[in-house]
Amino acid sequence: MQEAKHEHWSSGWTFLLAAVGSAVGLGNIWRFPYIVAENGGGAFVLIYMAIVVVFGIPLLMSELMIGRNSQKPPLAAMQSFEGSKPQMLWNAVGWSYLLVPMGILTFYSVVAGWTLDYALGMGIGTFNNLPEGGSATMFQDLLASPVKLIFWMTLSIGITVGIVARGLKSGLEKTVKILMPALFIILIILVLYASITGDFARSFAFMFKPDFSKITPELVLMAAGQAFFSLSLGSGAIMVYGSYLTRDISIPKMAVGVAFADTAVALLAGFAIFPIVFAFGVDHSAGPGLVFVTLPIVFNDMGGIGQVFGVLFFLLLAFAAITSTISLLEPMVAQMSQSGRVTRARVAIYCGAVLWSVGVFVALSNNILQDFHPLGFLPLFEGKTIADTIEFLSANLFMLLNGLLVSVFVGWSVKRSVTLEEMGLGDSVLFKVWFLLVRYIVPLGVGFIFYDVVL
Ligand code: TRP
């Protein structure tokens with residue numbers, strides 16, 4: 001039996017596009033602005049950025065290193081390091097690195113579906129001449145409709161499977177080469193428009209003037225969870241993308257590039273949204289509805305040009321979502337097809353079928369199964385629907401645990417000579433700082449956060 005050929009990115013630049021594509025997603029454009037608004041602005045942004053630097057960049061480097069050094073998908077990668085005992089534990093972590101992204105994908109593709117519905121709706125004018133409260137009703141109607149939710153979820157899984165089935169060069173690379181430049185152009189247009197017509201000064205103060213009295217343990221917890229999610233950490237995506245890196249590429253540079261671009265896009269999304277939200281005097285702390293309820297009101301008030309910006313905005317969200325969903329499916333597909341016994345296309349379709357089946361229940365937990373709380377008998381899962389349960393398990397619990405264990409793996413289990421060579425920094429101060437962070441600060445910090453989430 002012949003092993004499937006292990007491919008590589010065409011260049012460091014295409015890797016960066018793909019990794020930034022994975023990191024930049026609904027987390028940046030949908031979640032970041034409303035979480036900033038809910039947590040009082042500047043203080044949250046400051047803590048968030050600190051966490052990206054202290055935990056995010058060292059962990060990005062660690063995951064890229066595991067992928068690149070082994071040249072294998074996550075589970076095989078965790079098994080391949082010489083002398084990394086206890087092997088059982090690292091096997092389990094490898095599995096978790098495959099399953100967490102699948103879990104995230106089940107609810108992520110439902111939300112990606114909302115963006116497709118909104119892009120189309122904006123285009124055909126469904127949101128024109130909204131009555132008072134009309135946009136809230138439309139959002140609730142979407143959530144209440146199993147048919148619509150399942151239709152759009154099926155489409156977003158279908159697109160994802162279609163791309164991943166084609167493989168690294170003609171699937172992933174081609175997609176990010178088109179969608180990422182488009183995403184940046186749309187984002188810049190929206191930010192320019194918002195800062196010219198909207199209340200830019202107030203937005204700037206809101207995002208960058210920290211009110212230190214707002215800093216609480218909960219805020220730090222929210223910021224850490226958001227940073228992990230936004231950087232695609234603890235979940236196979238970065239690791240598997242790292243496995244397609246060639247040896248001539250600098251891991252530290254790539255990690256800094258991804259963290260910088262991801263944070264920049266999150267902030268820019270804020271500058272595309274807050275200025276117009278403030279200028280139109282609508283409520284900016286609308287929670288998850290900020291993008292889906294508040295923005296349509298604003299676009300509606302703008303008249304004809306609003307419809308154009310509405311389409312652009314939701315296309316931006318959809319593009320950002322797709323470059324992330326492909327990175328969520330890739331770890332499992334790469335792992336299952338690496339033996340060469342089953343083709344990549346076939347594995348992608350099987351995975352898509354599994355995702356779809358679970359996705360149906362996620363979609364239904366917005367309506368028919370709204371009151372079903374599968375693990376509700378456990379205190380930690382009280383009142384959580386199927387969607388909430390999967391999100392909590394994958395995007396909170398196991399994502400953080402994975403990050404914690406991988407920092408222990410890299411800091412304590414992998415030979416220092418291996419990490420030293422992979423980082424290409426020599427035995428310099430930079431290397432020592434990174435190693436110190438990965439060995440002590442990240443495990444302790446993430447461990448503390450994890451303890452806080454669980455207990
Ligand atoms: N980072 C993406 C976002 O911000 C989502 C995402 C893609 C992700 N791949 C991931 C999240 C892996 C966690 C793990 O929307």
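Tutor: Gladly; what follows is a set of questions and answers on this predicted model.

Student: Let's start with Ser 327: is this residue buried or exposed?
Tutor: Ser 327 sits in helix 14, which spans residues 304-337. The relative accessible area of Ser 327 is 1%. The cut-off for buried is under 20%. Because 1% falls under that cut-off, Ser 327 is buried.

Student: Which side chain makes a polar contact of 2.8 Å with the side chain of Ser 327?
Tutor: Leaving out residues up to four places away in sequence, Ser 327 touches Ser 22, Ala 237 and Tyr 241. The side chain of Ser 327 also reaches the backbone oxygen of Ser 324, at 2.8 Å. The side-chain to side-chain polar contact of 2.8 Å is with Ser 22.

Student: Ser 22 makes me curious about the ligand. How far is a polar backbone atom of Ser 22 from a nitrogen atom of the ligand?
Tutor: There are 15 residues around the ligand, and Ala 23, Gly 27, Tyr 108, Phe 229 and Ser 235 come nearest. A backbone N or O atom of Ala 23 lies 3.0 Å from a ligand nitrogen. On the oxygen side, an N or O atom in the side chain of Asn 28 is 3.2 Å from a ligand oxygen. For the backbone of Ser 22 and a nitrogen atom of the ligand, the distance is 3.2 Å.

Student: Now the helices: at what angle do helix 3 and helix 18 pack?
Tutor: Two packed helices are described by the angle between their axes and the distance between those axes. Helix 3 covers residues 42-70 and helix 18 covers residues 429-454, with the axes 10 Å apart. Their crossing is left-handed. The packing angle is about 115°.

Student: How many residues of the contact of helix 3 with helix 18 are nonpolar?
Tutor: Helix 3 brings Val 54, Phe 55, Pro 58, Leu 59, Met 61 and Ser 62, while helix 18 contributes residues including Trp 434, Leu 437, Ile 441 and Gly 445. Of the residues in this contact, 2 are polar and no charged ones are present. The nonpolar residues number 12.

Student: Which side chain is joined to that of Thr 246 by a polar contact of 2.5 Å?
Tutor: Thr 246 lies in the loop between helix 11 and helix 12, and is partly exposed with a relative accessible area of 28%. Not counting residues up to four places away in sequence, Thr 246 touches His 8 and Arg 68. The 2.5 Å polar contact joins its side chain to that of Asp 248.

Student: Last one: how far apart are the C-alpha atoms of Phe 206 and Ser 413?
Tutor: Phe 206 is in helix 9, and at 16% relative accessibility Phe 206 counts as buried. Among the residues Phe 206 touches are Val 36, Phe 274, Phe 278 and His 284. Phe 206 and Ser 413 are 207 residues apart along the chain, and their C-alpha atoms are separated by 44 Å.

Notes. Residues are numbered from 1 along each chain as its sequence is written. This is a predicted model: local features need pLDDT of at least 70, side-chain atom pairs count only at pLDDT 80 or more; totals for chains, interfaces and linings use all residues. Side-chain values use heavy atoms; hydrogens and water are left out. Helices (H or I, at least four residues) and strands (E, at least two) are DSSP runs, numbered from the N terminus. Buried means under 20% relative accessible area, exposed over 50%, partly exposed in between (1.4 Å probe, protein chains only). A polar contact is a pair of N or O atoms within 3.5 Å; within protein, one must be able to donate a hydrogen and the other to accept it, and residues adjacent in sequence count only if both atoms are side-chain atoms. Contact means heavy atoms within 4.5 Å. Axes are lines fitted to C-alpha atoms, for helices over the stretch in contact, and angles run from 0 to 180 degrees between N-to-C directions. A crossing is left-handed if the near helix is turned anticlockwise from the far one by less than a right angle, and right-handed if clockwise. Ala, Val, Leu, Ile, Met, Phe, Trp, Tyr, Cys and Pro count as nonpolar, Asp, Glu, Lys and Arg as charged, and the others, Gly among them, as polar. A residue is near a molecule or strand if one of its heavy atoms lies within 4 Å of it.
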